Amino acid sequence: MKKIIIAIICFINLSFINIGMDYSIEANVKTNCQDNFPSGLSFFFEQVGGYGDKSMVSQVERILNIDLSTFQEYDFIDNEESSEKYWKNITKFESVIDKFISKIKANPKYYQKIKYNPIKLGVDFSSDLNEMKKIEQKQKEYENHPMYGYPNDNKYLSSKAILKDLETLKNILKCYKKSGATKIKLNYD
């Protein structure tokens, strides 16, 4: 059982890989818009659940002095008790995105201030007991590292892929507005 847990921990620590849980977005009216929430942006915002205040998004909020908590207010896709509280005014949501883009452009080297865990774990598993001991030792070193708890650098911020994804999200909102939408809801599934 311990071998399986170590393998799972190693797998979970991979960065920027779509593991099946993603954000999605929907309008309060039926549209023909291409509305796939950008996967890189989804991963970026999902990190709060796994890394807390050490996540990239939490660090970016502090560095750029911006509140991105609206992205943490989401419903679950199969929630039968969904409520109105998750619906956001589309114009206000769009203004958060615009402000975020402006802050990034005004501080183009902001990503250099992000703290990352320099140790990268791969998907390691072996049926060989001695090899598994080495893997467990590597996991212990990882857990004892002073940067433990911080995400690995997947180059999402430094490559400026976040800006492209934010523009994609803005285009989704524009399409929604043209279709008569006044509200959007973020879902997580």
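What share of the contacts in the protein chain with a separation of 6 or more comes from residues 24 or more positions apart? In this predicted model, such residues account for 81% of those contacts. The chain has 189 residues, and 41% of them are buried. Its secondary structure comes to 6 helices and 4 strands. Along the sequence, these elements follow the pattern α-β-α-α-β-β-α-α-α-β.

Helix 4 was examined in detail. It covers residues 90-106, 17 residues in total. From first C-alpha to last, helix 4 reaches 24 Å, close to the 24 Å expected at 1.5 Å a residue. At the start of this helix, a side-chain oxygen of Asn 89 comes to within 2.8 Å of the backbone nitrogen of Thr 91. The buried residues of helix 4 are Ile 90, Phe 93, Glu 94, Val 96, Ile 97, Phe 100, Ile 101 and Ile 104. Viewed down the helix axis, these buried residues fall within an arc of 150°, so they line one face of helix 4. Lys 92 and Ala 106 lie on the other side of helix 4 and are exposed. The buried residues pack against several elements of the chain. Three of these partners are helices: helix 2 (39-51), helix 3 (56-64) and helix 6 (161-178). Strand 3 (87-89) and strand 4 (183-188) are also packed against the buried residues of helix 4.

Strand 4 also pairs with strand 1. The two strands run in the antiparallel sense, over 5 bridges. In this pairing, Ala 27 stands opposite Ile 184 of strand 4.

Leu 186 is placed in strand 4. Is this residue buried or exposed? Leu 186 has a relative accessibility of 0% and therefore counts as buried. Its contacts, leaving out residues up to four places away in sequence, include Tyr 23, Ser 24 and Ile 25. Leu 186 also touches Phe 93, one of the buried residues of helix 4. Phe 71 is another contact of Leu 186. The two residues are 115 residues apart along the chain, yet their C-alpha atoms are separated by 7.5 Å.

A covalent link was also found. The count comes to 1 disulfide. This disulfide joins Cys 33 to Cys 175, with an S to S distance of 2.1 Å. Cys 33 lies in the loop between strand 1 (23-27) and helix 2, and Cys 175 lies in helix 6, so the pair ties together parts that are 142 residues apart in sequence. The torsion about the S-S bond is about -90°, so the disulfide is left-handed. Cys 33 is buried, at 10% relative accessible area. Cys 175 is partly exposed, at 28%.

Two loop residues have a positive phi. Asn 65 is not a glycine, yet its phi is about 50°. Asn 65 sits in the loop between helix 3 and strand 2 (75-76). With 61% relative accessibility, Asn 65 counts as exposed. Lys 160 is not a glycine either, and its phi is about 70°. The loop between helix 5 (129-144) and helix 6 holds Lys 160. Lys 160 is partly exposed, with a relative accessible area of 45%.

Note on methods. Residues are numbered from 1 along each chain as its sequence is written. This is a predicted model: local features need pLDDT of at least 70, side-chain atom pairs count only at pLDDT 80 or more; totals for chains, interfaces and linings use all residues. Side-chain values use heavy atoms; hydrogens and water are left out. The expected span of a helix is 1.5 Å times one less than its number of residues. Buried means under 20% relative accessible area, exposed over 50%, partly exposed in between (1.4 Å probe, protein chains only). The arc is that of the directions from the helix axis to the C-beta atoms. Contact means heavy atoms within 4.5 Å. A polar contact is a pair of N or O atoms within 3.5 Å; within protein, one must be able to donate a hydrogen and the other to accept it, and residues adjacent in sequence count only if both atoms are side-chain atoms. A disulfide is a pair of cysteine sulfur atoms within 2.5 Å. Two strands pair if DSSP finds at least two bridges between them.
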